[in-house]
Amino acid sequence: MAPIINEWAVIMIVLSGIALCTGVYFIRTGRRVWHMRAMLTASALATVFLVLYLTRLGLGYEKVFTGPAAWKPAYYILLISHIILAAANLPLALVALWNAWNGLKRAGNLNNIDAPAALPYFNRHRAWVRWTVPVWLYVAITGWIIYLVLGQWGELVTG
């Protein structure tokens with residue numbers, strides 16, 4: 001069961017990364033509604049990934065790096081940076097979403113984001129996502145790399 005959960009977790013985080021990139025594209029091209037939909041999709045998929053990932057760990061499914069010794073330092077630098085930034089990404093994303101949600105509530109709709117009551121929230125949202133998006137992308141990409149490396153040079157540990 002754990003290997004299947006692992007595969008679905010990978011699928012969810014890949015789709016989340018695609019939705020994230022799509023959301024960035026939409027906001028840069030001025031399509032706010034599609035941006036919101038893409039980012040909510042990215043967030044939902046990342047949440048499903050997290051649940052599946054934690055379930056997989058709870059079932060004791062974990063792989064350790066068994067590749068070439070010369071690669072071990074680079075692998076662990078990648079893994080440690082991934083873990084630290086993954087832990088940071090959750091609060092970053094939650095604050096960004098919270099500000100967008102509060103801005104939208106005060107604006108009434110996405111065509112009114114410059115309303116005085118909404119503007120401070122959207123400005124904070126923009127400020128937070130300048131950090132959140134690069135961290136999220138780094139975590140997603142390094143996660144995919146770690147998955148591929150462990151697929152080639154990983155040994156399943158139990159217990």
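# A guided reading of a predicted model

Guide: The protein has a mean pLDDT of 96, and 99% of its residues reach 70 or more; pLDDT is the predictor's confidence in each residue, from 0 to 100. This is a predicted model, in which local features need pLDDT of at least 70, side-chain atom pairs count only at pLDDT 80 or more, and totals for chains, interfaces and linings use all residues. Residues are numbered from 1 along each chain as its sequence is written, and side-chain values use heavy atoms, with hydrogens and water left out.

Visitor: Which elements have the lowest and the highest mean pLDDT?

Guide: Strand E2 (residues 154-157) has the lowest, at 93, and helix H3 (residues 72-107) the highest, at 98.

Visitor: What makes a stretch of chain a helix or a strand?

Guide: Helices (H or I, at least four residues) and strands (E, at least two) are DSSP runs, numbered from the N terminus. The protein has 4 helices and 2 strands, and their order along the sequence is α-α-β-α-α-β. The C-alpha trace spans about 55 × 30 × 25 Å along its principal axes.

Visitor: Where does the record place a transmembrane region?

Guide: The unreviewed UniProt entry gives that annotation to residues 6-27, 34-54, 74-98 and 128-150. UniProt positions are given in the numbering used here, feature names are shortened, and annotations may be inferred rather than shown by experiment. In the model, residues 6-27 are 100% helix and 0% strand, with end C-alpha atoms 32 Å apart. Residues 128-150 are likewise 100% helix and 0% strand, and their end C-alpha atoms also lie 32 Å apart.

Visitor: Why is Thr142 called buried?

Guide: The relative accessible area of Thr142 is 2%. Buried means under 20%, exposed over 50%, and partly exposed in between (1.4 Å probe, protein chains only). Thr142 is therefore buried. Of the 159 residues of the protein, 35% count as buried.

Visitor: Why is Tyr147 called partly exposed?

Guide: Tyr147 has a relative accessibility of 29%, so Tyr147 counts as partly exposed. This residue is also in helix H4. Not counting residues up to four places away in sequence, Tyr147 touches Asn6, Glu7 and Val10. The C-alpha atoms of Tyr147 and Asn6 are separated by 9.8 Å, although the two residues are 141 apart along the chain.

Visitor: How do you know that Gly151 is exposed?

Guide: The relative accessibility of Gly151 is 55%, and therefore Gly151 counts as exposed. Gly151 is found in helix H4, and its C-alpha atom is 21 Å from that of Leu137, 14 residues away along the chain.

Visitor: Why is Pro3 called partly exposed?

Guide: Pro3 stands at 41% relative accessibility and so counts as partly exposed. Pro3 lies in helix H1 (residues 2-28). Its C-alpha atom is separated by 42 Å from that of Lys105, 102 residues away along the chain.

Visitor: How many aromatic pairs does a search of the whole structure find?

Guide: The search finds 7.

Visitor: What makes the charged end of Arg37 sit over the ring of Trp34?

Guide: A charge sits over a ring if NZ of Lys or CZ of Arg is within 6 Å of the ring centre and within 35 degrees of the ring normal. The charged end of Arg37 sits over the ring of Trp34, 4.8 Å from its centre. The charged end of Arg124 sits over the ring of Tyr121, 4.7 Å from its centre.

Notes. Rings of Phe, Tyr and Trp (its six-membered ring) pair if their centres lie within 6.5 Å; planes under 30 degrees apart count as stacked, over 60 as edge-to-face and the rest as tilted. Contact means heavy atoms within 4.5 Å.
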